[in-house]
Amino acid sequence: MDTLALTFVFMLTSVVDVLGKPPAEQELHYYLLKRHPYNKLIRPSGSTANGTAVNKLTVKLGMRLSQLLEVSEKNQILTTNLWLRQEWVDLRLRWDPAMFQGIEMTHIPALELWIPDIGLYNNADGDFVITLLTKAKVYSTGLIVWEPPAIYKTYCPINVEFFPFDQQECFMKFGVWTYDGHEVDLQHVLEKQGVAEGDQMVIPNGVDLCDYYQNVEWDIINVTARRKEKFYPCCPEPFPDITFNITIRRKTLFYTINLIMPCISISCLTVLVFYLPSDSGEKITLSISILLALTVFFLLLSDINPPTSIVIPLIGKYLLFTMIVVTMSIFLTVSTLSVHFRSPSTHTMSPWIKRLLMEILPKILYMKRPPVNRKQSAFQTVKDREVRDANLNTAVFMNRQRQTDMLRHRISSESSEAFSTYPPEIRESLKGVRYIAEHMKTADDAKLEERDWNYVAMVMDRLFLYIFTTACVCGTIGIFLNAPSLYDPREAMTRDNFNCSKRWAVLV
């Protein structure tokens, strides 16, 4: 009985001891923050490689980009979702893992720790510092690793000179706001991989893209970090800062299909204006319709591009070039229509025009005019006139035609004295026949001259067709090939460009 009672008392005592003792991590937190009074308002002292305390605290900064949320060309603002990694050593938070059941790392809320007031210098909207204070990792050596997420809106100068084949150089400049370089030394987490360039330390691939989600409009082609020290007029001490440069290049598929291809199609329609026959009466209508379509594209472009007066975008240059070409085509179309509808009663063709536009240029432009038979044309006119004026059969018509030819021959061969020997009725008939023959000859000559004007207008249209075709092709190629991004062989960066498995091992 006494043995059972002693056993029960021993077991009860063991249970009370187990239930009453707090967990090891709770004791560790009490040891770090309560037993040894910890003041989060006091900057911790730095340490050297061998653990010796020094006045300067080294804070390492790194950035892990998650998303490019938006690139606003109008407001020139880059919105990013990222994780900002910060590392420093606080000697006040060291412990012996053997005293706390081998715990080498614990999580402590950032509100209970001293954290560097690192701010974004080129902030465009919102808070300059991190607002979500997550927990930090605290190691037994005093190393603190804090990696809170944040959404930043930063100013990014947008250069739309080569839109939509443009690439932008955006940057995010971070620095400690309160402490100078003698108190807090800001370094990159991969400082050892950096290359010195003058007074700067350049770290290639200075932005981690292991967890980056691809953007549908922009590709990242380069990420670089630069660490430098700057002296401000207020203070003689240096202030270090780290600038993360992000080079992005626009994906052009959307703009090529929805903006560039319609513009090129409209430009090709401008050439067809000179291929359309003048007798159709639709040349001016087609030119005006093309001009209205270009005006609509100008309105669409003004909604996309930022309102800047510094440069003209590449697509704007092309639209402006096409509008000038269309305007010139309207003027030239009016001039060719004016030439086409000229007649001998209003204009006389100069010899140099006949020489240049009817003999020289057609050979150069590989144009060949069908031959015109004047006798056949005159006979056809007589035949048509005779058929319209009288309802005679073919035999009567041919008999009258032979009589007319004989009279015309006799009139031309006989003298005026012989003509006066005819009776008055015959003389009046001969005068009427002469008048009809001269009138028909004049009408045929006028018709041939009108055809000459028509041919001159056709030669002008063909000349303008070749000129505008060459101008449209050369202008399109010359404008769009000016974009430097077309000659940039760099491919878009992905997580494959980073050794993500070993990268974090180096950081920790």
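In strand β17, the residue F239 is the bridge partner of K230, and this contact belongs to the antiparallel pairing of β16 (residues 218-231) with β17, which runs over 13 bridges; two strands are said to pair if DSSP finds at least two bridges between them. The model is a predicted one, in which local features need pLDDT of at least 70 and side-chain atom pairs count only at pLDDT 80 or more, while totals for chains, interfaces and linings use all residues. Residues are numbered from 1 along each chain as its sequence is written, and side-chain values use heavy atoms, with hydrogens and water left out.

A hairpin of six residues joins β16 to β17, and β17 also pairs with β11 in the antiparallel sense, over nine bridges, with D241 of β17 as the bridge partner of G175. Strands here are DSSP runs of E with at least two residues, and helices are runs of H or I with at least four, numbered from the N terminus.

How many of the residues of strand β17 are buried? In β17 (residues 238-250), 13 of the 13 residues are buried, so the strand is largely enclosed by the rest of the structure; buried means under 20% relative accessible area, exposed means over 50%, and partly exposed lies in between, with a 1.4 Å probe and protein chains only. In a regular strand the side chains alternate between the two faces of the sheet. In β17, P238, P240, I242, F244, I246, I248 and R250 point one way, whereas F239, D241, T243, N245, T247 and R249 point the other way, and all are buried.

Turning to the rings, a search of the whole structure finds 14 aromatic pairs. One of them is the edge-to-face pair of F165 and F480, at 6.0 Å centre to centre and with 75 degrees between the planes; rings of Phe, Tyr and Trp (its six-membered ring) pair if their centres lie within 6.5 Å, and planes under 30 degrees apart count as stacked, over 60 as edge-to-face and the rest as tilted. This pair links distant parts of the chain, since F165 lies in the loop between β10 (149-155) and β11 (167-176) and F480 in helix α10 (residues 424-480), 315 residues apart. F165 is buried, with a relative accessible area of 12%, and F480 is buried as well, at 9%.
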